[in-house]
Amino acid sequence: MLDIYAGENAIKTIKKQGFKSDVFSSFLGASGGPKWFTLFGLDKYLFGEFFKQRTQALALIGSSAGAFRAACFAQRDPVAAISRLAKYYSETVYSDKVTPAEISSKARILLAEVFGSDGASQVIHNAVFQAHFIVAKTKGLVASERKALQLSGLLKSYAMNRVSRSLLRSQYERVVYQSVHSHLKLEDKSRFTTHHIELNALNISDALLASGSIPLVMQGIKNIPGSPKGMYRDGGIIDYHFDFKIENPLGLSLYPHFNNKPKAGWFDKNLKRTVNPQNYTNTVMLAPSDAFIRSLPYGKIPDREDFTQLKAPERIKYWKTVLSETERLAEAFADFVHKQDMSVVKHL
């Protein structure tokens, strides 16, 4: 049902201290669009029960869909917020000849629904659940809104990444929009230039939208207030599933993910390249089992291809079934926390 993996140091820590919320100092949320629906039940349980009474700071680090989830978790009622995200995302319908402008416009509507009247302010000022939205600042052809030029830049990125991930530094910089209370520090062996910018009322909406602005699919976000001038796009370009070491805050990272094979960046999706195991030594990963995935409609988890492969009513029905079925993952995790049976934890 639910597979639980842990890095070497994480296993030692939870065996010594027990599996409890206080051993975690950070929470990771990856890119992946509607693949996130597989984690919906877990998200509600984690922030409705597991972390509910928390008083220590928890760094919520997300790119793209993971950033939108972080924006929910840092609100006063995280379960209501994540439920709004699931509802409006799953029910989104586009025209037959959809354009990047239409997708971006509907993403802004989604963002407004997620924040509601006061959610953005709650995220900005939350000292316990500290949001971090990862965004990619683009340079050169990938910064262009002209499709042919942008595509040429992306093909160049793909070619360079096959040689070395570090070559992408010439086209992308990492920008972390973060809580005013945060002292996040990352160590990245690829040495991407990384900017840390405090979230505020002027930049939070653009920063969150930029984190999910998929190249070619959506419009980029230009000149985010209080940020270096330029074009900002999906944070998953650099940090798709993450391959960095969190130096601060100290402690373990909890990482609900839709599979157990994380990829560093967007251009690594179809490569055999793996992440650095040392960057996951302090990580506990929760992932739906293969058996759970096979039990879902179509025997797979949702993805963006569903928008084009399925008619809207069929897609929405399928996605809502998945959202409902993920309650079983929450029940499995709650049972694990109650029993503290460490024998089921696998090495990550």
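**Notebook: contacts, shape and rings**

I began with contacts in this predicted model: among those with a separation of 6 or more, 76% join residues 24 or more positions apart.

Next I looked up the overall shape. The radius of gyration is 19 Å, which agrees with the value near 20 Å that a compact globule of 348 residues would have. Along the principal axes, I found that the C-alpha atoms fill a box of roughly 55 × 45 × 45 Å. I counted 12 helices and 13 strands, and 57% of the 348 residues come out as buried.

The protein exposes about 15100 Å², with 52% supplied by carbon and sulfur atoms. I noted 46 positive and 32 negative side chains, the centres of the two sets lying 5 Å apart.

How many aromatic pairs does the whole structure hold? My search gave 28. I picked F37 and Y89: their ring centres are 5.3 Å apart and their planes stand at 70 degrees, so I logged the pair as edge-to-face. F37 sits in the loop between strand 2 and helix 2, while Y89 belongs to helix 4, 52 residues apart. Both residues, F37 and Y89, are buried.

I then checked F47 and F73, a stacked pair with 3.9 Å from centre to centre and 5 degrees between the planes. F47 is in helix 2 and F73 in helix 3, so this pair ties together parts 26 residues apart in sequence. Are they buried or exposed? F47 is buried at a relative accessible area of 4%, and F73 is buried at 1%.

My last entry is a cluster linked by ring pairs, whose members include F47, F73, Y45, F129 and F333.

Technical notes. Residues numbered from 1 in each chain as written. Predicted model: local features only at pLDDT ≥ 70, side-chain atom pairs only at ≥ 80, totals over all residues. Heavy atoms only, no water. Helix = DSSP H or I, 4+ residues; strand = E, 2+ residues; numbered from the N terminus. Rg over C-alpha atoms; globule rule 2.2 N^0.38 Å. Buried < 20%, exposed > 50% of the residue type's maximum accessible area, 1.4 Å probe, protein only. Contact = heavy atoms within 4.5 Å. Areas by Shrake-Rupley, 256 points an atom, 1.4 Å probe, with all protein chains shown as cover. Lys, Arg positive; Asp, Glu negative; His and termini not counted. Charge placed at Lys NZ, Arg CZ, Asp CG, Glu CD. Phe/Tyr/Trp six-rings, centres within 6.5 Å; stacked < 30°, edge-to-face > 60°.
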